[in-house]
Amino acid sequence: MKAILFRSGTLVDPLGEKVWEADLLVEDGRIKGISKGLASPRGAQVINVSGCLIFPGCVDVHVHLREPGGEHKETIATGVRAAVRGGFVAVAAMPNTSPVADNAAVVGYVAARGREEGWSRVLPIGALSRGSQGEELAPLEEMWRAGAVAFSDDGHWLANAQLMRRAMEYAQMLGVPVISHCEESELTRGGVMNEGITATRLGLRGMPAAAEEIAVARDLVLAELTGCHLHVAHVSTAGVVRLLREARSRGLSVSAEVTPHHLILTEEAVQGYDTNAKVNPPLRTQADVEVLLEALADGTIAIVATDHAPHAREEKETEFDQAPFGISGLETAIPLIFTELVHKGIIGLTQAAARLSLAPRRLLGLPGGSLAEGEPAELTVIDPEREEVVDPANFASKGRNTPFAGWRLKGWPVGVLLRDRWCLVRELPGAGREEI
Ligand SMILES: [Zn+2]
């Protein structure tokens, strides 16, 4: 790749917790120089990014790309384009496809399809149990050799404690995290939204916070027993935050993620039976949201992940009880975090970069996550002042299911530097436009 000089950007380094103005030069896949007034090497592409922030490339640790088997909802081709438009240089793909990614062949297929597309990198996650059925351990080592970066039965909780223990023991030996979708399913059977007065008023079956908290508590105990790194997916309740704080205070190897929708919306979004607000875990209460925001700010929850869950229009345009769970989240995550958290002073710029880049990379064992010479040349460039109204018709994702349609958001990704090229996805404040 030829050299690229990013001129006059505002660099945000989450590792050094530093924000400063400088030029940044990349060459041969690495950051080659950072300083004010860098000379442009002969033949280099010069990109004026004045007015923009440069983050180390953002990584989403939780997406559903639906391929193989769910191509009417999303394909790897559309999913990676949605990732690029959303400002993500890499995404970790959950294994609940059809067939399930519970063997080396499917894991290898997902990784290879991602490489063929050549946009955001696709990092496959292997299932914990065969078919994610919770009955028999999947061949973890084989999947790891085929490129699996983590293991998860996402969509289900692995209720069998003995099986979870064994999976964690193997994962620990391989040095790979187990990602748990924490939901005690007897308590949530038939549930479609948060349990409480709103559900009662709407006449909908509720899913109690306790279902999530019971599952997290058991998984923390097993993480302590096995020494495996436990990553708790999509935290939604204040009670889970309490459990995480206790576990972290005792030094357990545990991390957690939260989605933009759980940070911003409450169960009130379900009023009017909007199926786009039907997610699992469900949107909770204002009290939960406040604790989640605190936990994100203090690092108890170190990762923002989208749980990107695209669905076909006709699947969501049905009765609330019947509609599938999920939000198409890749293309709104960064503007939502900027609008609702950064611009409101809940988290700072280096924290935003830590939650979207450094911590996700550490979880998956990827290099990078800071801005310094020698670091991988993967960048996300964000215009913090750009305002745009969310229009799902413009999504690169096939999934147009979002409760944020029509929201005016401020702070959008304008480009990403992938390992081999610069992709402009919106206008730079002072330059021309290319579309992907
Ligand atoms: Zn899940």
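Here is a friendly conversation about a predicted model, going from its zinc site to its salt bridges.

Student: Let's start with the metal. Which residues are the protein donors of the zinc ion, and how far from it do they lie?

Tutor: Along the chain, the donors follow the spacing D-x26-H-x52-H. H181 sits in the loop between β10 (178-180) and α5 (185-188), while H234 sits in the loop between β13 (230-232) and α8 (238-249), 53 residues apart. The donors are D154 through OD, H181 through ND1 and H234 through NE2, at 2.0 to 2.2 Å from the zinc ion.

Student: Are H181 and H234 buried or exposed?

Tutor: The cut-off to keep in mind is that a residue under 20% relative accessible area counts as buried. By that test, H181 and H234 are both buried.

Student: A233 is found in the loop between β13 and α8 too. What does A233 touch, leaving out residues up to four places away in sequence?

Tutor: A233 has 2% relative accessibility, so it counts as buried. For a sense of distance, A233 and G131 are 102 residues apart in sequence, and their C-alpha atoms are 19 Å apart in space. The residues that A233 touches are H62, I179, S180 and E257.

Student: I'd like to look at S152 next. Which backbone oxygen does the side chain of S152 reach?

Tutor: S152 belongs to strand β9, residues 150-152. Because its relative accessibility is 0%, S152 counts as buried. Beyond its neighbours within four places in sequence, S152 is in contact with M94, P95, I125, G126, A127, L128 and I179. Its side chain reaches, at 2.8 Å, the backbone oxygen of I179.

Student: Why does K398 count as partly exposed?

Tutor: Buried means under 20% relative accessible area and exposed means over 50%, with partly exposed in between. K398 counts as partly exposed because its relative accessibility is 37%.

Student: Now the hairpin of β2 and β3. Which residue there takes a positive phi?

Tutor: Strand β2 (residues 18-27) and strand β3 (residues 30-35) run antiparallel and are joined by five bridges. Within this pairing, L24 stands opposite I34 in β3. The hairpin has two residues between the strands, and the one with a positive phi, near 55°, is D28.

Student: How many disulfides does a search of the whole structure find?

Tutor: Take C52, which counts as buried at 0% relative accessibility. Its closest cysteine sulfur, in C58, is 14 Å away, so the two are too far apart for a bond. C228 is in no disulfide either, with the nearest cysteine sulfur, that of C182, 12 Å away. Across the whole structure, the number of disulfides found is zero.

Student: How many salt bridges does a search of the whole structure find?

Tutor: One of them joins the side chains of E317 and R313, at 3.9 Å from N to O. There is also a network of salt bridges linking E67, R81, R113, E116 and E117. The search finds a total of 27.

Student: Are E317 and R313 buried or exposed?

Tutor: Over 50% relative accessible area counts as exposed. E317 has a relative accessible area of 57%, and R313 has 57%. So E317 is exposed, and R313 is exposed.

Student: What about E378 and R361: buried or exposed?

Tutor: Their side chains meet in a salt bridge at 2.9 Å, N to O. This pair links distant parts of the chain, with E378 in the loop between α13 (349-364) and β16, and R361 in helix α13, 17 residues apart. E378 has a relative accessible area of 4%, so it is buried; R361, at 1%, is also buried.

Student: One last pair. Which residue does the side chain of R426 meet in a salt bridge?

Tutor: R426 is in the segment after β18 (422-424), and its partner is in strand β16, 38 residues apart. Both residues of the pair are buried. The N to O distance is 2.9 Å, and the partner of R426 is E388.

Methods: Residues are numbered from 1 along each chain as its sequence is written. This is a predicted model: local features need pLDDT of at least 70, side-chain atom pairs count only at pLDDT 80 or more; totals for chains, interfaces and linings use all residues. Side-chain values use heavy atoms; hydrogens and water are left out. Helices (H or I, at least four residues) and strands (E, at least two) are DSSP runs, numbered from the N terminus. Buried means under 20% relative accessible area, exposed over 50%, partly exposed in between (1.4 Å probe, protein chains only). A polar contact is a pair of N or O atoms within 3.5 Å; within protein, one must be able to donate a hydrogen and the other to accept it, and residues adjacent in sequence count only if both atoms are side-chain atoms. Contact means heavy atoms within 4.5 Å. Donors are N, O and S atoms within 2.8 Å of the metal (3.2 Å for Na, K and Ca); water is not among the atoms, so sites may look incomplete. Two strands pair if DSSP finds at least two bridges between them. A disulfide is a pair of cysteine sulfur atoms within 2.5 Å. A salt bridge is a side-chain nitrogen of Lys or Arg within 4 Å of a carboxyl oxygen of Asp or Glu.
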